[in-house]
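Please keep the sequence and the structure in view while reading.

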Amino acid sequence: MLFRSMNLADVLTVVLVVLALLTVFVALWLLTAGLFPRLADACAERLGASPLACAAVGLIALLPVVALGFLLNRAAPNALGRLVAALVFIGTLLAALAGSTGLALRLGRGLASADDAQASWRQVRRGGVVLALTFLLVITLPLVLIPGLGALILALARGKRDRKSTRLN
């Protein structure tokens, strides 16, 4: 017998873990939008202007980082090396989530409400809830995180280029 039958406690455990993960996603998007509002706006602009370019940059950036994480994990002789490998994966996931804040903001702007003038974070919350609910269809998770990583990289690169040109003038 490959699978054992699930009782009600098992079902509730799975449901509550999934709900907790979806809540954490929305909380991270709100945290990013609250701490770095210009970055969230820049990511939203990037994802709106060129979503395929963001996905391409995200994929190009993701592949070497994942390879590095696997190599570190495989070559690690002790727990410290495996911890470093785990931190590489977690850092990449957090960066992708930070970039996907732009998508949550963009979705929230599309679902506008009269209350948005008083509190712009409501746009991120509204879009984040919709985006998190799409994660129940598991295929959408990488389709959001990879372009999010690309949007973050492009927004940071543009911000650095803008600061450099401002200093030169």
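Cys-43 lies in helix 2, where helices are DSSP runs of H or I with at least four residues, strands are runs of E with at least two, and both are numbered from the N terminus. The model is a predicted one, in which local features need pLDDT of at least 70 and side-chain atom pairs count only at pLDDT 80 or more, while totals for chains, interfaces and linings use all residues. Residues are numbered from 1 along each chain as its sequence is written, and side-chain values use heavy atoms, with hydrogens and water left out.

Cys-43 counts as buried because its relative accessibility is 0%; buried means under 20% relative accessible area, exposed over 50%, and partly exposed in between, with a 1.4 Å probe and protein chains only. Beyond its neighbours within four places in sequence, Cys-43 is in contact with Gly-99, Gly-102, Ala-151, Leu-152 and Ala-155, a contact being heavy atoms within 4.5 Å. From Cys-43 to Leu-8 the C-alpha distance is 42 Å, across 35 residues of sequence.

**Overall architecture**

The secondary structure consists of seven helices and zero strands, giving the pattern α-α-α-α-α-α-α along the sequence. Along the principal axes, the C-alpha atoms fill a box of roughly 70 × 50 × 25 Å. Of the 169 residues in the protein, 29% are buried. Among contacts with a separation of 6 or more, 71% join residues 24 or more positions apart. The accessible surface comes to about 10900 Å², and 72% of it belongs to carbon and sulfur atoms; such areas come from the Shrake-Rupley method with a 1.4 Å probe, and for residues only the protein chains shown count as cover.

Helix 1 has 28 residues and reaches 40 Å from its first C-alpha to its last, close to the 40 Å expected at 1.5 Å a residue; the expected span is 1.5 Å times one less than the number of residues. The N-terminal end of helix 1 is capped by Asn-7, with a side-chain oxygen 3.2 Å from the backbone nitrogen of Ala-9. Such a polar contact is a pair of N or O atoms within 3.5 Å; within protein, one must be able to donate a hydrogen and the other to accept it, and residues adjacent in sequence count only if both atoms are side-chain atoms. The buried residues of helix 1 include Leu-22, Phe-25, Val-26, Trp-29, Thr-32 and Ala-33.

A nonpolar core is a set of buried Ala, Val, Leu, Ile, Met, Phe, Trp, Tyr and Cys residues joined through side-chain atoms within 4.5 Å. The largest has 19 residues, and Phe-25, Trp-29, Val-124, Leu-131 and Phe-135 have the most contacts inside it. At least two residues of this core come from each of helix 1 (8-35), helix 2 (37-49), helix 4 (79-99), helix 5 (101-110), helix 6 (121-134) and helix 7 (140-168). Helix 1 gives the most, with five residues. Apart from this core lies another, of seven residues, among them Leu-39, Cys-54, Leu-152 and Ala-155.

Leu-131 touches Trp-29, Ser-100, Leu-103, Ala-104, Leu-107 and Val-144, leaving out residues up to four places away in sequence. Under that same exclusion, Thr-101 touches Trp-29, Thr-32, Ala-33 and Ala-40. Thr-101 is placed in helix 5 and counts as buried, because its relative accessibility is 0%. A polar atom of the Thr-101 side chain lies 3.0 Å from the backbone oxygen of Ala-98.

**Aromatic pairs**

The structure holds four aromatic pairs. Rings of Phe, Tyr and Trp (its six-membered ring) pair if their centres lie within 6.5 Å; planes under 30 degrees apart count as stacked, over 60 as edge-to-face and the rest as tilted. Two of the pairs are set out below.

| Pair | Arrangement | Centre to centre | Angle between planes |
|---|---|---|---|
| Phe-25 and Trp-29 | stacked | 6.1 Å | 25° |
| Phe-70 and Phe-89 | edge-to-face | 5.4 Å | 70° |

Phe-70 lies in helix 3 (residues 51-75) and Phe-89 in helix 4, so their pair ties together parts 19 residues apart in sequence. Phe-70 is exposed at 52% relative accessibility, whereas Phe-89 is partly exposed at 32%.

Phe-25 and Trp-29 both lie in helix 1, four residues apart, about one turn of the helix. Phe-25 is buried at 15% relative accessibility, and Trp-29 is buried at 0%. Ring pairs link Phe-25, Trp-29 and Phe-135 into a cluster.
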